[in-house]
Amino acid sequence: MLAARHVVCALSGGVDSAVAALLLRRRGYQVTGVFMKNWDQLDEHGVCTADRDCEDAYRVCQILDIPFHQVSYVKEYWNDVFSDFLNEYEKGRTPNPDLACNKHIKFGCFLHYAVDNLGADAVATGHYARTSLEDEEVFQQKYIKRPEGLFRNRFEVRNPVKLLQAADSFKDQTFFLSQVSQPALRRTIFPLGGLTKAFVKKIAAENRLHHVLQKKESMGICFVGKRNFEHFILQVSGLWRGRPRPRACQAPSPSASIFQYLQPRPGKFISIEDNQVLGTHKGSFLYTLGQRAKISGLREPWFVVDKDGAKGDVFVAPRTDHPALYRDLLRTNRVHWIAEEPPAALVRDKMMECHFRFRHQMALVPCVLTLNQDGTVWVTAVKAVRALTPGQFAVFYKGDECLGSGKILRLGPSAYTLQKGRSRAGVAPEVSGDGPGLCPTP
């Protein structure tokens, strides 16, 4: 008789990962639970929430009668996720560290620990997502290092695994998995991919998992938690003189200078319409496009529409639907393609129709991709999109398949800029950019 397949399941202390482990046991697999400690965060009562989550994960393993392990990736998280997070803010961009965490920690460090140290045949998480592989196909996979290079798909194993959206479209988390590598996906099972959140809660209630069912779902950046984000970013930038720095566990001393990355950069709030100075701010990194700006002395709302990284000025407009917030063109860095690198149609035609989003749960936007020689892409949306934001990821979809993602590095002109240009010219020509650098050419 063959030994049961060994699946190592990441446990967060929440209901989703708990039910994922339960379902794996029901399938007859040998299941091991692992809690990853990536950050030390104290709540308003001075309690480390990571320790509390670890206790909840341990209780899940006791209820399910499976082995429990705890690992710390604080050093790795600090170097691969948090450092990049602050570096992006220093460059004037708005990062999304959740994608980096999945890429480097959950589907990097954790995967290797599960396979190399615990002898896992596969790993599993509580993400709402699916792949094109059945469980038995996952167990048959062997680790193959992905070659580097622009067209490394030419050396890939055949029949690459596809990342597919979950059955519960509202809970679908492929957005956050769009930077995960092909080798990692080939070794991963997503037990919740075909379930709704309501059904997952029902399973938890029927199987004595009430302690995780009662917990509030964690939302937002893990190292910020429920704290005010502006206060947090001021704290790490050194603007809160004399206040304690966030506890990044015993962070490695080589990275201690991370707190010097975000230096105070006072600047002005400037009206996009008449260049009038409306007030001052403590740092442009505190603001992202589309956000309401807090301008001292002004009661009416103003919204951030652009930033001048060199001068530190923040441009604002008086309406949340101001045309300065709308753009239909962006450029990414080199795209991480999940199954094909790049997709055959994009290589053949240099252009491809698909959909994209740059925020989780936002409606998918039809677009046309234009491939550049360096692997970056221009994304032209069918209609202008509000608050496209450098530093966020443009995640691409074709039907149910998540194709991959690229970080937004550059934006085309806003609808307001184009309107002003037409007014000055006295005509209304089709305009694709502010200059030759913004034209989408291969």
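Q: Is D51 buried, partly exposed or exposed in this predicted model?
A: The relative accessible area of D51 is 35%. Buried requires a value under 20% and exposed a value over 50%. D51 lies between these limits, and therefore D51 counts as partly exposed.

Q: With which residue does D51 form a salt bridge?
A: The closest N and O atoms of the pair are 3.0 Å apart. A salt bridge requires a side-chain nitrogen of Lys or Arg within 4 Å of a carboxyl oxygen of Asp or Glu. The partner of D51 in this salt bridge is K37.

Q: Which elements hold D51 and K37, and how many residues apart are they?
A: D51 belongs to helix α2, which covers residues 49-64. K37 belongs to strand β2, which covers residues 30-37. The pair links distant parts of the chain, and its separation is 14 residues.

Q: Is K37 buried or exposed?
A: K37 has a relative accessible area of 12%. The limit for a buried residue is under 20%. K37 therefore counts as buried.

Q: How many salt bridges are there in the structure?
A: The D51 and K37 pair is a salt bridge, and R93 and E88 form a salt bridge as well. By the distance rule for such pairs, the count of salt bridges comes to 14.

Q: What is the relative accessibility of E88?
A: R93 and E88 are both buried. K407 is buried too, at a relative accessible area of 13%. E88 counts as buried because its relative accessibility is 2%.

Q: Where is E206, and is it buried or exposed?
A: E206 is placed in helix α7, which covers residues 197-206. Its relative accessible area is 53%. A residue over 50% counts as exposed, and therefore E206 is exposed.

Q: Which residue does the side chain of E206 meet in a polar contact of 2.7 Å?
A: The polar contact joins two side chains. One belongs to E206, and the other belongs to K202.

Q: Why is the pair of Y58 and F68 edge-to-face?
A: The structure holds nine aromatic pairs. In the pair of Y58 and F68, the ring centres are 5.4 Å apart and the planes stand at 70°. Planes over 60 degrees apart count as edge-to-face. The pair is therefore edge-to-face because of its plane angle, 70°.

Q: How many residues apart in sequence are the parts that Y58 and F68 tie together?
A: Y58 is partly exposed at 40% relative accessibility, and F68 is partly exposed at 22%. Y58 lies in helix α2 and F68 in strand β3 (residues 68-72). The parts so tied together are separated in sequence by 10 residues.

Q: Which residues do ring pairs link into a cluster?
A: The structure holds nine aromatic pairs. The cluster linked by ring pairs consists of W78, F82, F85 and Y89.

Q: Over the face of which residue does R357 lie?
A: M362, in the loop between β15 (351-357) and β16 (365-371), touches R357 and V385 when residues up to four places away in sequence are not counted. R357 is at 5.2 Å from a ring centre. The ring belongs to Y397.

Q: What distance separates the C-alpha atoms of M362 and F170?
A: M362 is buried, with a relative accessible area of 12%. M362 and F170 are 192 residues apart along the chain. Their C-alpha atoms are separated by 9.7 Å.

Q: What is the relative accessible area of T332?
A: T332 is placed in strand β13 (residues 326-332). Beyond its neighbours within four places in sequence, T332 contacts residues including T376, F396, K407 and L409. T332 is buried, with a relative accessible area of 1%.

Q: What percentage of the residues in the protein is buried?
A: The protein has 11 helices and 19 strands. It has 442 residues, and the buried share is 53%.

Technical notes. Residues numbered from 1 in each chain as written. Predicted model: local features only at pLDDT ≥ 70, side-chain atom pairs only at ≥ 80, totals over all residues. Heavy atoms only, no water. Helix = DSSP H or I, 4+ residues; strand = E, 2+ residues; numbered from the N terminus. Buried < 20%, exposed > 50% of the residue type's maximum accessible area, 1.4 Å probe, protein only. Polar contact = N/O pair within 3.5 Å; in protein donor to acceptor, adjacent residues only side chain to side chain. Contact = heavy atoms within 4.5 Å. Phe/Tyr/Trp six-rings, centres within 6.5 Å; stacked < 30°, edge-to-face > 60°. Lys NZ or Arg CZ within 6 Å of the ring centre and 35° of its normal.
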